[in-house]
Amino acid sequence: MAHFQTCHYFVDEAGDGTLFNKRKQTVVGREGCSRCFILGALEVPDTVRLDEELESLRSRLRADSYLAKVPSMQPERRKTAIAFHAKDDCAEVRREVYRLLMEHDMRFFAVVRHKRVIVEKVLEHNTTHPSYRYHPNQLYDRCVSRLFRDRLHKEDGYVIQFSRRGNRTRSEALRKAIEHARNNLRRKWGISATAPIETVAATPAEAGGLQAVDYFLWALQRLYERGEDRYWEYVAEKVSLVHDVDDTRENDYGAYYTKRNPLTLDECKKIEPGI
């Protein structure tokens, strides 16, 4: 009997799609507004083992007297005590989570957009289409399509878990973005993929893979936003691809950073001046 192979992806974002304030003023580059929007996917072959080990680690850390009074460890805060989140976790916890993740077989992919470039394109578009109104969901959905463009045709089935954001309407939009990615594959390569795709909206507490992809995204965001590369270098062996769409120094399609052409701090400084 043939073995049915299901591929599990976990998807989350870093940064946000905000470009303008309520007065339609550009806020990119101001305090509290990220320079980049990043969408990442983590392929996890053994989701059961990852869930079990993350939960075991959390139980062990909660029982550690050294961490007993760390605010994020308090259950009422609903942070580390509920689910790992790199931004909220203290340094000691973060080190243990990264150590665990590096022991797992997983692959990370990401799409990066530079918001200063998107602002320029939106303003240019508005000169010929004054009624157009940018919405952050548009950026998110297009990044979903890019992220899965060449990734949905090799396995027998796919389960794609998104970090829950918004309502059912958003879930429908995400499913359409996934189907758009598959249609692009058909148009570009003539490959008609028919494997079933299940999309699931979940919270990090419900899926260890969402906690894991958050840690990879946090490392990538620190690289782009703060010029800090030690976390990114630590997880680099698990990184398969970073598509920087707006790094058009060599072509109009952006830059593809892989293991053979790794994304480094020096490259980031060339792409995003000022970090």
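Residues 24 or more positions apart account for 72% of the contacts in the protein chain with a separation of 6 or more, a contact being heavy atoms within 4.5 Å. The structure is a predicted model, in which local features need pLDDT of at least 70 and side-chain atom pairs count only at pLDDT 80 or more, while totals for chains, interfaces and linings use all residues. Residues are numbered from 1 along each chain as its sequence is written, and side-chain values use heavy atoms, with hydrogens and water left out.

The protein chain contains eight helices and seven strands; these are DSSP runs, numbered from the N terminus, with helices (H or I) of at least four residues and strands (E) of at least two. The radius of gyration of the protein chain is 19 Å, close to the 19 Å that the globule rule gives for 275 residues, so the chain is as compact as a globular protein of that length. Here the radius is taken over C-alpha atoms, and the rule is 2.2 Å times the number of residues to the power 0.38. The C-alpha trace spans about 60 × 55 × 40 Å along its principal axes.

Turning to the interior, 48% of the 275 residues are buried (buried means under 20% relative accessible area, exposed over 50%, and partly exposed in between, with a 1.4 Å probe and protein chains only). In soluble globular proteins, nonpolar side chains tend to be buried together. A nonpolar core is a set of buried Ala, Val, Leu, Ile, Met, Phe, Trp, Tyr and Cys residues joined through side-chain atoms within 4.5 Å. The largest such core has 50 residues, of which L101, F108, L220, Y224, W232 and V242 touch the most other members. Helix α6 (residues 208-226) gives the most to this core, with eleven residues. Leaving aside residues up to four places away in sequence, L101 touches L50, M106, A212, Y215, F216 and K238. A second, separate core of 33 residues includes Y140, L147, A177 and A195.

Most residues other than glycine have a negative phi. K24, although not a glycine, has a positive phi of about 65 degrees; K24 lies in the loop between β1 (6-14) and β2 (36-43) and counts as exposed at 60% relative accessibility. R78, also not a glycine, has a positive phi of about 55 degrees. R78 sits in the loop between α1 (47-62) and α2 (91-101), and is exposed, with a relative accessible area of 62%.
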